[in-house]
Amino acid sequence: DDQHGTAVISTAALLNAAKIAGKALDKLRVVVNGAGAAAIACARLFIAVGVRRENMIFCDSQGVVTTYRTDINEIKREFATTRRITTLAEAIHDADVFLGVSKADVLTPEMLRTMATNPIVMALANPDPEIAYDKAVVSRPDIIFATGRSDYPNQVNNVLGFPYIFRGALDVYATEINEAMKIAAAHALAELVGDDLSADYIIPAAFDPRVRDAVASAVEQAARASGVARV
């Protein structure tokens, strides 16, 4: 739930945010702050829907994850950049997307102002995001902003994915939950927004009654298509 749930919901948000920003997924420059299990799961699913690995930069508690560091593990090395930069401030310059799965207040208004036009910011640290909502929208009026909180627009909430992903998997007796099923869930969520898409509405609300059937059905179909359904 905390790894792949976050990945599915943030990917759904990214799909719609990119539409609003008018940017192709394979052109997005993405900065991920935090390099734990959730961050890795999100990054891998972003890549699965079209983001290019070479356009991603990871930052952990020690700074930018680069190929020149000797203190990173094998999983972090998968996302290490060859750029000779060391700080989040350097990484965020001209970035299109910031994904925060880290801690409060690490993204400053000054950093935010250096991002590309129509920046997509998902500040998911809870209860306090990487940058406060009020600071973010004042610093960048063109921002597309999501948090993990229910009192702001665009809540990236894992309840949008679970238990409905499990519902779809169980209904067809799937032998596993694979990448195809997660991608299908993300697209189903993104498509539910429909013509109401706006900077303040890139993913359905947590209690949108349409979510259950849309996600479960998409997961079932993907399980069948990928050969893991037993029913």
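Reader: Where is serine 198 found, and why is it called partly exposed?

Author: Serine 198 sits in the loop between α8 and α9; helices (H or I, at least four residues) and strands (E, at least two) are DSSP runs, numbered from the N terminus. Buried means under 20% relative accessible area, exposed over 50%, and partly exposed in between (1.4 Å probe, protein chains only). The value for serine 198 is 30%, so it counts as partly exposed.

Reader: Good. What kind of model is this?

Author: It is a predicted model, in which local features need pLDDT of at least 70 and side-chain atom pairs count only at pLDDT 80 or more, while totals for chains, interfaces and linings use all residues. Residues are numbered from 1 along each chain as its sequence is written, and side-chain values use heavy atoms, with hydrogens and water left out.

Reader: How far from serine 198 is alanine 17?

Author: They are 181 residues apart in sequence, and their C-alpha atoms are 8.4 Å apart in space.

Reader: What makes threonine 66 buried or exposed?

Author: Its relative accessible area is 6%, below the cut-off, so threonine 66 is buried. It belongs to the loop between β3 (63-64) and α3 (74-77). Beyond its neighbours within four places in sequence, threonine 66 is in contact (heavy atoms within 4.5 Å) with Ile72, Ala80, Thr81, Arg83 and Ile85.

Reader: And alanine 186: is it buried or exposed?

Author: Alanine 186, in helix α8, has 0% relative accessibility and therefore counts as buried. Again setting aside neighbours within four places in sequence, its contacts are Val8, Thr11, Ala12 and Leu15. Alanine 218 is 32 residues away from alanine 186 in sequence and 9.2 Å away in space, C-alpha to C-alpha.

Reader: What makes the protein as compact as a globular protein of its length?

Author: The protein has nine helices and six strands. Its radius of gyration (over C-alpha atoms) is set against the globule rule, 2.2 Å times the number of residues to the power 0.38. The radius is 17 Å, close to the 17 Å that the rule gives for 231 residues, so the protein is as compact as a globular protein of that length. Buried residues make up 53% of the 231.

Reader: Why is a space called a pocket and not a cavity?

Author: On a 1 Å grid over the protein atoms alone, a cavity is a set of points where a 1.4 Å probe fits but cannot get out, whereas a pocket is an open set with protein on both sides within 12 Å along at least five of seven lines; lining residues have an atom within 4 Å of a point.

Reader: What is the volume of the largest pocket?

Author: About 230 Å³, where grid points are joined across faces, edges and corners and the volume is the space filled by probe spheres set on the points. Its lining includes Asp2, Val101 and Asn158. The second largest pocket has about 180 Å³, and Cys59 and Lys103 are among its lining residues.
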